[in-house]
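Colleague: I am new to this structure and would like to learn what lies behind each term that is used for it. Could we go through the terms with care, one after another?

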Amino acid sequence: MNMKKILLFFFVGFMFSCGEKVVEKPENLIPREKMIVVLHDLAILNTMKSSFRATLKENDIEIMEFLYRKYGIDSVQFVQSDLYYASVPLEYQTMYEKVEEMLEVKRKAIEEVGKKKSDSLSNIRKRKNDSISKSKGKKKNVPDV
């Protein structure tokens, strides 16, 4: 066999193996859109875990248990659904891209709120400084003696 035929054989074999279902679709699969929202919340909560560990601990919040209750799912359903979606790489990638888009929207909204707060504080300081300057510029009504 020449090299081209060997490569063709491996390529065709690879294509058929990729076409097979690696993981069967679970009966209780979390719907795609709901799974995206769960993954979005998981990303936010994991960020909170690294930044506000003490607060989560003080309030006895376990991230996964919180998500299971919030979305009415259980750990087996989540793991099976995550494994199933991960077995379809293009689907999984588009799901995570959607999660990233949602996180970006939230990040921009938070930045906008921070900017508005900063602008408001700047305006308050400016008005305060202006009123102080005006009051210093006025002469006090002191009678001449």
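Modeller: Let us start with surface area: accessible areas come from the Shrake-Rupley method with a 1.4 Å probe, and for residues only the protein chains shown count as cover. By that method the protein chain exposes about 12,100 Å², of which carbon and sulfur atoms supply 60%. Please keep in mind that this is a predicted model, in which local features need pLDDT of at least 70 and side-chain atom pairs count only at pLDDT 80 or more, while totals for chains, interfaces and linings use all residues. Residues are numbered from 1 along each chain as its sequence is written, and side-chain values use heavy atoms, with hydrogens and water left out.

Colleague: How many helices and strands does the protein chain have, and what makes a stretch count as one or the other?

Modeller: Helices (H or I, at least four residues) and strands (E, at least two) are DSSP runs, numbered from the N terminus. On that basis the protein chain has six helices and zero strands, and its elements run α-α-α-α-α-α from the N terminus on.

Colleague: What makes the pair Arg32 and Glu91 a salt bridge?

Modeller: The term asks for a side-chain nitrogen of Lys or Arg within 4 Å of a carboxyl oxygen of Asp or Glu. In the pair Arg32 and Glu91 the closest N and O atoms are 2.5 Å apart, so the pair is a salt bridge by that definition. Arg32 lies in helix α2 (residues 32–51) and Glu91 in helix α6 (residues 89–137), so the pair ties together parts that are 59 residues apart in sequence. Arg32, Glu33 and Glu91 are also linked in a network of salt bridges, and the structure holds five salt bridges.

Colleague: Why are Arg32 and Glu91 called partly exposed?

Modeller: Buried means under 20% relative accessible area, exposed means over 50%, and partly exposed is what lies in between (1.4 Å probe, protein chains only). Arg32 has 28% relative accessibility and therefore counts as partly exposed, and Glu91, at 25%, counts as partly exposed too. Over the protein chain, buried residues make up 18% of the 145 residues.

Colleague: Which side chain does Lys70 meet in a salt bridge, and is Asp41 buried or exposed?

Modeller: Lys70 meets the side chain of Asp41, at 2.7 Å from N to O. This pair links distant parts of the chain, with Lys70 in helix α4 (residues 63–71) and Asp41 in helix α2, 29 residues apart. Asp41 has 11% relative accessibility and so counts as buried, whereas Lys70, with a relative accessible area of 47%, is partly exposed.

Colleague: How do you know that α2 is roughly antiparallel to α4?

Modeller: Axes are lines fitted to C-alpha atoms, for helices over the stretch in contact, and angles run from 0 to 180 degrees between N-to-C directions. Angles under 35 degrees count as roughly parallel, over 145 as roughly antiparallel, 65 to 115 as roughly perpendicular and the rest as oblique. The axes of α2 and α4 come within 10 Å and cross at roughly 150°, and that makes α2 roughly antiparallel to α4.

Colleague: Which residues of α2 meet residues of α4?

Modeller: Contact means heavy atoms within 4.5 Å. Residues of α2 including Val37, Val38, Asp41, Leu42 and Leu45 meet residues of α4 that include Ile63, Phe66, Leu67 and Lys70.

Colleague: What is Leu103 in contact with, leaving aside its neighbours within four places in sequence?

Modeller: Leu103, which lies in helix α6, is in contact with His40, Ala43 and Ile44 once those neighbours are left aside. His40 has its place in helix α2 and counts as buried at 4% relative accessibility. The C-alpha atoms of Leu103 and Asp41 are separated by 9.3 Å, although these residues are 62 residues apart along the chain.

Colleague: Why does Asp60 count as exposed?

Modeller: Asp60 has 67% relative accessibility and therefore counts as exposed. Asp60 lies in the loop between α3 (53–58) and α4, and its phi is near 55°, a positive value in a residue other than glycine.
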